Amino acid sequence: MDTDAITRPLEAVPTTAVKTVDYKARGFHLEVSVSPQHLRDVVTVLDRTGFFIETITGVDWLGEKAALRKEAEAAAAAKAKAAAAKAAKAAEEASAEVSTEESPAPKAEKAPAPVAAPEAPKQPEVPQTDDLEAVYDFNRYDTLFRVAVRVRVPRDTPEIPTISEIYPAAHWHEREARDFFGFTFAGHPYMVPLLLPEDADFHPLRKDFTA
Amino acid sequence: MNAFAPNPTNETFVLNLGPQHPATHGVLRIKLVMDGEYVVEAEPVLGYIHRMHEKMGENRTWAQFMPNTGRMDYLHALAYNHNFACIVERAAGIEVPERAEFIRVITSELNRISSHLLWFGAFILDLGGFSPLLYAFDDREQILDLLETVTGSRLTYCYFRFGGVYNDIDENFEAGARAFVARMRERMPMYHALVTKNIILMKRLTDIGHVPAEMCRKYGATGPVARGAGIDFDVRKHEPFSIYPRFDFDIPVYHEADSMARYMVRMDEIEQSLRIIEQALGAMPEGPVMAEKVPKTLKPPKGDYYHAVETARGSFGIRAVSDGTNTPWRLKLRTPSYSNLIVFGEAARGMLLPDALALLGSLDLVIPEIDR
């Protein structure tokens, strides 16, 4: 089917990032990331172009930011180490030229100086709270075309607008996602637990949940 | 359609259907607001056998989750095995030997027939006809015996493996399957004469319980519910997996969107499954039934994957997120009965109670699959 006819109106919605996915390897065709404010616009486009809703689910990315930070730190450290090694090598060469009797102490003092400088601005780039991601799966009856819409919200304030007026099936899918992950679906008309007991105040699919 | 005379006093009462009501085939509860004999509002209440399979998936290895798949839809467990095997094979890039694919198709189609037979018997039982259940179970028994010889179990199968199947089939199984195809072909005209053309059944189902195509789309209904509403959608043709494209079979589609259409779709599907089994038995290649190079500890590459198969009730999809370790980071199970049941709240509005029960039966619900 004409992928452009689908992607063009989706790209017109603000804050969207539309990405074509290798279907053979991954099992779906299009990946759309959008901010919570514009989710309903994306879903309206999909509804108007005749998609049906497969499901709504969540993914808890606890530990993702820590891993990113660690990666960034490791990269910075590796960079610093390389720089230090380079500096040490340069100093060694320089000192070898000047005098061979000089003690190795000043080399060590020289080395850490360039290390601290590039590391300091790296820290604030990665925010502290991890994300909770809501994934909306859509498909078509007439041709094979799967679309996954992704919305990322911080774990401590996971608020997303409801799409239950557009697709009534979302009534249940959103109740289930709230049961399991603790999303807040703003505007949902009947938010009571669906699969968990009616007094459940826990969210079992959060990665920090313990029974 | 679905219109009823206004109630002069506006008095309604709440009727509790379930959670143990026999007509719901399991622990489903439906809260009905009734106006006399008419349904004003219907709200299914779920979760009585919720086991959190998705969390179980996150704390065991990929291979250890396989037995769980057979315990969701216990009537078509092999399709669930199949989907999980397929998604892991897609993620990890495992090739499946041809013979294994044939065995997968044959066993899962047999399983589909057994599921439809159980639905058939139980559905007619809902409508007040007892004896068809006995005939259907007699036929279903043949399939269970056959599958037991290769899989080792009769209901909650765990037969497929990543890269193949657990056990090769022998001549006895092949002969048994051929005999079953012949037997079932003979039985189908009897079912149609005994049940389909029964005037009481026709009056209970025809033009009652409409689930039109647009409603299916809005609720994400698939399987016989969608095909009974004129939507030509079957994952086996639409998004071909395994070796289904090699076989010549039709997707039965009816346009009436009533309970009768859904009944007819399933009855025709039994015949189409027989065609697939017959062709697969005829073209069965020799060879291994397991891929050779399947690593002991499986670590699919980082990323997320989707795979769907057609079960007896509709499209079953898995969204798997791998973080590159030997346990899944997330497994979302998109089950067909769940989406099909959401339709009930809207479709049952304004129906007579016995008709609403016929509609519920025609959706073919399996509760452990809805609750997961």
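Tutor: Let's begin with Leu201(B), which lies in helix H7 of chain B. This is a predicted model: local features need pLDDT of at least 70, side-chain atom pairs count only at pLDDT 80 or more, and totals for chains, interfaces and linings use all residues. As for bookkeeping, residues are numbered from 1 along each chain as its sequence is written, chains are lettered from A and ligands numbered from 1 in the order in which they are written, and side-chain values use heavy atoms, with hydrogens and water left out.

Student: What makes a stretch a helix or a strand here?

Tutor: Both are DSSP runs, numbered from the N terminus: a helix is H or I over at least four residues, and a strand is E over at least two. On that count chain B has 14 helices and eight strands, while chain A comes to seven helices and seven strands.

Student: Why is Leu201(B) called buried?

Tutor: Buried means under 20% relative accessible area, exposed means over 50%, and partly exposed is in between (1.4 Å probe, protein chains only). Leu201(B) has 7% relative accessibility, so it counts as buried.

Student: What does Leu201(B) touch, leaving out residues up to four places away in sequence?

Tutor: Contact means heavy atoms within 4.5 Å. By that test Leu201(B) touches Ile124(B), Leu127(B), Val195(B), Thr196(B), Met260(B) and Tyr263(B). Take Met260(B): it sits 59 residues from Leu201(B) in sequence, yet their C-alpha atoms are 8.7 Å apart.

Student: Glu89(B) carries a charge. Is it buried or exposed?

Tutor: Buried, because its relative accessibility is 7%. Glu89(B) is in helix H3 (residues 77-92) of chain B, and its contacts beyond four places in sequence include Arg104(B) and Arg161(B).

Student: How do you know that Asp207(B) is exposed?

Tutor: Its relative accessible area is 57%, so Asp207(B) clears the cut-off and is called exposed. Asp207(B) is found in the loop between helix H7 (199-205) and H8 of chain B. Its phi is positive, about 65°, although it is not a glycine.

Student: What about Met52(B), buried or exposed?

Tutor: With a relative accessible area of 10%, Met52(B) is buried. It lies in the loop between strand S3 (38-45) and helix H1 (53-58) of chain B, and its phi is near 60°, again positive in a residue other than glycine.

Student: Why is helix H13 of chain B described as largely enclosed?

Tutor: Eight of the 10 residues of H13(B) (residues 353-362) are buried, so the rest of the structure largely encloses it. Among them are Leu353(B), Leu359(B) and Leu360(B). After H13(B) comes Asp364(B), with a positive phi near 55°.

Student: How do you know how much area chains A and B bury between them?

Tutor: Buried area is the accessible area (1.4 Å probe) that two parts lose on being put together, summed over both. For chains A and B that comes to about 3,800 Å², 54% of it on carbon and sulfur atoms. Tyr141(A), Trp172(A) and Leu195(A) supply 21% of the area that chain A buries there, more than any other three residues. In residue terms, 50 residues of chain A are in contact with 40 of chain B.
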